[in-house]
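Here is a short briefing on one protein model. Please look over the sequence and the structure before reading on.

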Amino acid sequence: MSERKPSLRAGGSAQSRFQVDVVTEGSSAAAPAQAPAPEESKGRFKVVGFMDPGLGPAADIGPPPDVFHEPDTAKSDSVSLHSTGTGQTHISDSHSNTYYMRTFGHNTIDAVPNIEFYRQTAAPFGEKLTRPSLSELHDELDKEPFEDGLVNGEEPSAAEEAAALMAKEAKGGAVKFGWVKGVLVRCMLNIWGVMLFIRMSWIVGQAGIGLTIAIILMATLVTTITGLSTSAIATNGFVRGGGAYYLISRSLGPEFGGSIGLIFAFANAVAVAMYVVGFAETVVEMLSDVDALMTDELNDIRIVGTLTVILLLGISVAGMEWEAKAQIVLLVILLAAIANYFLGTFIPVDNKEPKGFFGYHTAILFENFGPDFREEETFFSVFAIFFPAATGILAGANISGDLADPQSAIPIGTLLAILVTGLTYVAVAVSAGSCIVRDATGDHNDTVSDTVNCTDAACTLGYDFSICKEGGCQYGLMNDFQVMSLVSYFGPLITAGIFSATLSSALASLVSAPKVFQALCKDNIYPGLGIFAKGYGKNNEPLRGYVLTFCIGLAFILIAELNIIAPIISNFFLASYALINFSVFHASLANSPGWRPSFKYYNMWVSLAGAVLCCVVMFVINWWAALVTLLIILALYIYVGYKKPDVNWGSSTQALIYNQALTHCLNLSSVEDHVKNFRPQCLVLAGYPNSRPALLQLVHSFTKNVSLMVCGHVRTVSRRPNFKDLSQDYVRCRRWLIKKRIKAFYSPVFADNLRHGAQLLLQAVGLGRLKPNTLVMGFKNNWSDGNMRDVENYINTIHDAFDLQFGVVILRLMDGLDISHIPGQDELLSPSEKPPKESKDVLISVGPAKDSDSDSCPSKTHSNQSSPLIIRATETKSPLSLTDQRLLESSQMFKKKQGKGTIDVWWLFDDGGLTLLIPYLLTNRSKWGDCRIRVFIGGKINRIDHDRRAMATLLSRFRIDFSDINVLGDINVKPKKHNKLSFKELIEPYRLKEDDMEQEAAERLKAQEPWRITDNELELYKAKTNRQIRLNELLKEHSSSAKLIVVSMPLARKGTVSSALYMCWLETLSKDLPPLLLVRGNHQSVLTFYS
């Protein structure tokens, strides 16, 4: 009994994180379930099956009853449901159920693999199921009690789960389509356009059968490659609504996705107008033939187009199911029209021969096989006319949110549609070129006579159409756009096919545009468009998007001038195809482990070729439209990139950046450092970034786009916060740095004190050559008011930096650096985390105790404070004190542009050049551009001119501009008496005064308080002490009006100079002066005058 672990102790009043109970098998297993749960069992988990020593040997039990009796039906999937006893089904997650406590028949809260853990949205039955966190499995049992949860670990049976699923389905879920109705039908209807019936014959007449097949194959090659790329992206994870926008944005990121999504939605909206106007023109032509025009042709097109688009809007708003039914009806009509044409080609009629139709003849096939370009047409101009007929392959992907299984439906439906439509176009081209001549008069009397030398194919069939070479013929492939109606078995059915092709394409575009636009608006890429993200009904229909698409389409219908906009629309679609292909290439190039498409029939280089082909085709179709398209995409890309939307989709852009960064880091590590490439890579002990903004702003001024900057944060909390709090702190600090546009990393560590944390940072921060070489700290302004042990840690941190061959930079401002104690400093919070305006609380950053000005972290915090980042404090209506006002003003002094002035460099000791390099880097910035460098050096009275010339020569060789060089010939003059007295008063509290006590007592006190200053030490370093006092006098004399003073930091020999004396030197040297940097390099050259 005495050996049992306290964490498993049952009984007593102490609440435990896990409640340990015993469950017996057989019929008694149900008894505890009906008994009221004891108070102690109301924990987050209920652990069953552990043996409690206090209950005897009977407590050693086997697996739970349901696992024991039905081992083959042990549940390891889907969602766990619990009966609450109130007639309702409770959907529970890992925080409130006990499903995982019998994994493999054993008692454990560890979870087996489950698909629900990997979902990013809610589970099918409601709440998202999550696996137990690492903290829940690893932390101490009594670390903190969990919220109340369910007890006894009951699970629903398979019948209960099935009943719940049936109940959900009975309520009527969203309509989802399979690959046939959702993708194949839509793609075929979009690809089979008006071009099939009224332009295909003309293309065959111009290019001939051979080149027409080449044109079709070229267009099909582009669409097939795009289809393969679309399939690869669509099978690389769950696809939501948004079609091309979703595929591109999740692969390449919001910049490309946001730009292409907007123009793709707009292109679909204008395409509605294009297709409707095509339909209206056909109707008006029929009305004109029977002399039934309402007004004139243009206005009739507007009237018919408006009525048509209103009808299509009604079908779309009625719901996707009605729209799908309409598409099926249109497909049947279209298939009937195509079959009607092919049937007609096998039934030659005598009265059709004068118009050029003779049925299949090899003579006609051979004559039409070669090209006969007329009216300045070329291969590429004909290709540009045909290619829009091959587009529409994204019609199924655009409604990806309405597909039952987009991952399988998009590849199968899209590729099969490309195959079927491609074969159909080839078949129509071959049949039309084999049975219809290029030119015909339509006159029965144009038969072959013996006196005319006729060699055309029509001549062999008894007709002489040679007069057509002079022009004016109205029939044949080249002249009659309605020749397919002539050939078909039943002419009006071709007209119905034209209607079906135009209306189906218009309907598909009317549905696609709002769906894509809704997905774009949901992601909040463009501010102000959020109102269009709202969906209605069980299918989340974008009714507002439908209305917007209707308005855009109607506007272009009323304009009725689509000849200019049509090439731009085609190029918009091609730009989408190009980016989809590029997405696959980019994702494959990035080699991210997350790129694992289940569709394997793709190749990164083929996708790249497809992207290039799409761009080439854009310029072939219309070069100025291609330029306009690229400029629009570029403008939107720049806008989205500038706005930097707060999204993270794990794009291939991020993966490629990682790959490149890793490669460059490794390449850097393979070469030795060179003095010409030296950069001051700074580790800044700043605490929370918003605590000392002046320190960060100054360092950022000379590291931005030049070198590495790491904001080190030593946190000395007595109890480490949990991972969630740490993550939130990290995100807030990163957010603050990004908001202030400070290019730096944030690196927090936990340690017992500042020195220990700094040691960790100095040794561990960095990667390869991207490793800090300079430690930057704030001066400990109020060191004399705090605990001298903190001073000891502060000075030893400097020693540790020198031991590790770091340069050291210390910034001192007259008013101090730390502003964390001033109310209202809540910049680390996001808007959602801030309190409401009417709240009577304000948020402040927790600062250190008294000596916070120099430490990078709070020296002490309460043990019950898990994260010292933000606390609430009672709002005080009293204004800030004068001291705090000055502190706030000085904290922003390096953020604004510095006026004309000087940066005074007191280069007293050669440290390798860091003291000179930092001012030079500062003057390269626009904020410090008006400042000039003045250099001060020590010297002798009789060598002032010589020393000045020597320094001028050195600076000129370093190519560093300076305004003046001052040689301090009086640097060795004794300091003023009152300043010496002030120093004596400063060190008095820290002296050991060993002469006033016994030697043993003095040694004991020195061992306990090593910062104490001995008399021997004072005497030994008297000259150095006087130098610091004298330098302060000279600094006040020469540099009291400087914008910034950079002075060589005095060194103290480790183990000889006490911390208190060294601190007094730094205090004396830098007090009552403008902003001052104490700098000491690691005595390795950082400047060179060699090329």
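**Helix α10**

The buried residues of α10 are D300, I301, V304, G305, T306, T308, V309, L312, L313 and S316. Buried means under 20% relative accessible area, exposed over 50%, and partly exposed in between (1.4 Å probe, protein chains only). Helices (H or I, at least four residues) and strands (E, at least two) are DSSP runs, numbered from the N terminus. This is a predicted model: local features need pLDDT of at least 70, side-chain atom pairs count only at pLDDT 80 or more, and totals for chains, interfaces and linings use all residues. Residues are numbered from 1 along each chain as its sequence is written, and side-chain values use heavy atoms, with hydrogens and water left out.

- Helix α10 spans residues 297–317, 21 residues in total.
- From first C-alpha to last, α10 reaches 30 Å, close to the 30 Å expected at 1.5 Å a residue; the expected span is 1.5 Å times one less than the number of residues.
- Cover for the buried residues of α10 includes α9 (254–289), α17 (491–522) and α18 (543–559). Contact here means heavy atoms within 4.5 Å.
- D296 caps the N-terminal end of α10, with a side-chain oxygen 3.1 Å from the backbone nitrogen of L298. A polar contact is a pair of N or O atoms within 3.5 Å; within protein, one must be able to donate a hydrogen and the other to accept it, and residues adjacent in sequence count only if both atoms are side-chain atoms.
- G319 follows α10 and has a positive phi, near 130°.

**T1014**

- T1014 sits in the loop between α31 (999–1008) and α32 (1015–1020).
- T1014 counts as buried because its relative accessible area is 16%.
- The T1014 side chain reaches the backbone nitrogen of E1017 at 3.1 Å.
- Not counting residues up to four places away in sequence, T1014 touches L992, E994 and K1006.

**Surface patch and L630**

- F619, W623, W624, L627, V628, L630 and I632 make a nonpolar surface patch of about 610 Å². Patch residues have over 30% relative accessible area and no salt bridge; like charges are joined within 9 Å, nonpolar side chains (Val, Leu, Ile, Met, Phe, Trp, Tyr) within 5 Å. A salt bridge is a side-chain nitrogen of Lys or Arg within 4 Å of a carboxyl oxygen of Asp or Glu.
- Accessible areas come from the Shrake-Rupley method with a 1.4 Å probe; for residues, only the protein chains shown count as cover.
- Helix α21 (residues 623–643) gives the most to this patch, with 6 residues.
- L630 lies in α21 and is partly exposed, because its relative accessibility is 38%.

**Whole protein**

- The protein has 34 helices and 16 strands.
- Of its 1091 residues, 50% count as buried.
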